[in-house]
Amino acid sequence: MKKKTAPRPSRLVPQQPVSKNRLKSRFLPRGRSQNSYRRNRFKGESRKTWLRSLAWLFGLMTLAGLCLGLVVLYHQLLTSSLFCIKDIDNIELEGAKRLSRSLVLEQSKVGPGASLLAIRPGQVERALMAHPWIAKAEVSRRWPNSLHLTIQERDPVALVQFGEELLYMDRQGMIFKPLSPGDPHNFPVITGLTPEQFRHPPGDLPQVVAQAFQLMDVLKKNPPPLNLENISEIHVDLERGFTLYANGVGLGLDLGLQEYSEKLQKFAQLWPVLVQKGLLSKINRINLNFPRRALVTLKGMEANP
């Protein structure tokens, strides 16, 4: 049997439980109580908060002072004579043909004494384009005290009749103004169309309007009596095409919807014969919409082509 050996003594020293007060004392400086530490910490945080608020207040006051200074400076610049239009000669106008200079300046609502800093070019452009004869406008400031206005007037090519009213049509096929007393009226009158046929986006002409422009371009180059300056009316029928009425001719001329030049040449050959035989007063219509011949309708008769 083996002999029992005595247990070896343990080297571990038994530890006493650490009390809460002792644990706190390890983390607190000696000689200071817990309440004094909290008071000092609170005082430090209050001082930082007060300094931060003071810095924010100082920044806001600085910003407010800067804004006020800028407002005062801007007001001084607005009232400064350096940037004011001195007289009407400091306003340059370009592109006015039909409209007078005084009318354009009145429409722009800009005149001597206005400051360039207060003028808004976009606002002036919209005021100019509110006039029916002005299609485009561009305004630029010429420092220190001049203004440049550039306008593009509408170019009317015909009058369009809707019921009893006559309205101008420009080269873009847009209806822009009724005919008023004093307005020029030496344009051909287009009849037979409706307002709906002119409600189109810019640059997108309806087919019948584009064909009317083609016919007028041909008539510009055509000799009398069927040149554009002598045409009083262009009647449009979507099925039969265009019918011309000219001053001094006294009859209707049917051209259809195509080959205008060839048909006008045919009439040019027929015209001297009708004049020589004295038949113009007896003819109501001439239909040139047939190859190699013309259909003549006398007054009081109807033609069935």
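Predicted model: local features only at pLDDT ≥ 70, side-chain atom pairs only at ≥ 80, totals over all residues.
Local features here need pLDDT of at least 70 and side-chain atom pairs pLDDT 80 or more, while totals for chains, interfaces and linings use all residues. Residues are numbered from 1 along each chain as its sequence is written, and side-chain values use heavy atoms, without hydrogens and water.

Let us begin with the sheet. Nine strands build an open, mixed sheet in the order β6-β5-β4-β7-β8-β9-β10-β11-β12. Strands are DSSP runs of E with at least two residues, helices are runs of H or I with at least four, and both are numbered from the N terminus; two strands pair if DSSP finds at least two bridges between them. Because β6 (175-178) and β12 (295-298) each have a single partner strand, one side of each lacks a neighbour in the sheet. Between β8 (residues 231-237) and β9 (residues 241-246), which run antiparallel, there are six bridges. Val 236 is opposite Phe 242 in β9.

I turn now to the aromatic pairs. Rings of Phe, Tyr and Trp (its six-membered ring) pair if their centres lie within 6.5 Å; planes under 30 degrees apart are stacked, over 60 edge-to-face, and the rest tilted. The count comes to eight aromatic pairs. In one of them, Phe 83 and Trp 143 are edge-to-face, at 6.0 Å centre to centre and 85° between the planes. Phe 83 is buried, at 18% relative accessible area, whereas Trp 143, at 48%, is partly exposed. Buried means under 20%, exposed over 50%, and partly exposed in between, with a 1.4 Å probe and protein chains only.

Finally, ring pairs link Trp 133, Tyr 168, Phe 176 and Phe 187 into a cluster.
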